[in-house]
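Dear colleague,

Please find the structure for your study below. I would ask you to keep it open while you read the notes that come after it.

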Amino acid sequence: SHEAAERDALSAVLDAAPPLVLNLGTSSVAWAREAHALCDAAGVRYLDAPVSGGPEGAKNGALAVFCGGGASAFAAAGEVLEGIAATSALLGGPGAGAGAKLVNQALVAANANGAAEGLALADALGCDRAALLPLLDAAWAQSTMLKRSGDLILEATGDLAFEASAAPLRNFAKDLDLVLAAAAD
C-alpha cells in the first residue's frame with residue numbers, strides 16, 4: 001500500500017533526525033496520526049500538510065496547503081509554506097490536514113463529475129461548447145474544475161473528449177477510497 005511505502009520513507013527520514021517533517025501527500029487521517037506519533041517519539045516535529053492546486057499551483061508556488069499538527073511545527077514550516085503556497089492554514093491537531101484534504105477531494109470529484117455531466121448534456125442538447133464555456137464561467141455554474149478542464153475538453157475529439165480533462169476522475173481513485181474509508185469510520 002502507499003501507506004506502507006510512506007512508513008518506510010518516514011523511517012528513513014527519521015534516521016537523519018530532521019527538525020521538521022512535512023508530508024505534502026494525500027493520506028488517511030489514521031496514517032497522519034500514526035506519523036505524528038512516530039515523529040513525536042523521535043523528537044521531530046511533523047505536519048500532515050497535503051496540497052491542492054495541481055501541477056500549475058506547484059510550478060507557480062500557488063498551492064493550497066491543509067495543515068494538521070502543532071502550532072510550533074506550523075510556525076517552523078512558515079518559510080517553506082510561503083514558498084510553495086498561495087494559502088495555508090493550521091486546521092487542528094494531528095490528522096486535521098489529512099482530513100481537510102479528503103473533504104477537498106470529495107468536493108473536487110463532485111465538481112469534476114458535474115462538469116463532465118453538464119458538458120455531456122450540452123453536447124446532447126446541441127449547445128456550442130465553445131460559446132457555452134465562457135457563459136458558464138460567468139454564471140453560478142463556474143467551478144475550478146470546469147475552468148481547468150473545459151478548454152482541454154474543447155480541444156479533444158470523439159470518445160476521448162472527457163478523458164482529456166486536466167483532472168480525470170481516474171486520478172481520484174486512491175483519494176476517493178480514502179474519503180469513503182473516512183466516512184465509514
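Predicted model: local features only at pLDDT ≥ 70, side-chain atom pairs only at ≥ 80, totals over all residues.

Residues are numbered from 1 along each chain as its sequence is written, and side-chain values use heavy atoms, with hydrogens and water left out.

I begin with strand β4. Helices (H or I, at least four residues) and strands (E, at least two) are DSSP runs, numbered from the N terminus. Buried means under 20% relative accessible area, exposed over 50%, and partly exposed in between (1.4 Å probe, protein chains only).

Which strands pair with β4? Two strands pair if DSSP finds at least two bridges between them. Strand β2 (residues 45-48) runs antiparallel to β4 and is joined to it by 2 bridges; here D48 has G68 as its bridge partner. Strand β3 (residues 51-52) is also antiparallel to β4, again over 2 bridges, and V51 stands opposite V65. Strand β5 (residues 85-90) runs parallel to β4, with 5 bridges, and V65 stands opposite S88 of β5.

Next come the two loop residues. S28 lies in the loop between β1 and α2 (29-41) and counts as buried, because its relative accessibility is 13%. Its side chain makes a polar contact (a pair of N or O atoms within 3.5 Å; within protein, one must be able to donate a hydrogen and the other to accept it, and residues adjacent in sequence count only if both atoms are side-chain atoms) with the side chain of E3, at 2.7 Å. A polar atom of the S28 side chain also lies 3.0 Å from the backbone nitrogen of W31.

A17, in the loop between α1 (2-15) and β1 (20-23), is exposed, with a relative accessible area of 56%. Its phi is near 50°, a positive value in a residue other than glycine.

Finally, the axes of helix α7 (residues 129-138) and helix α8 (residues 144-155) come within 10 Å and cross at roughly 175°. Axes are lines fitted to C-alpha atoms, for helices over the stretch in contact (heavy atoms within 4.5 Å), and angles run from 0 to 180 degrees between N-to-C directions. The two helices are therefore roughly antiparallel; angles under 35 degrees count as roughly parallel, over 145 as roughly antiparallel, 65 to 115 as roughly perpendicular and the rest as oblique.

Yours sincerely
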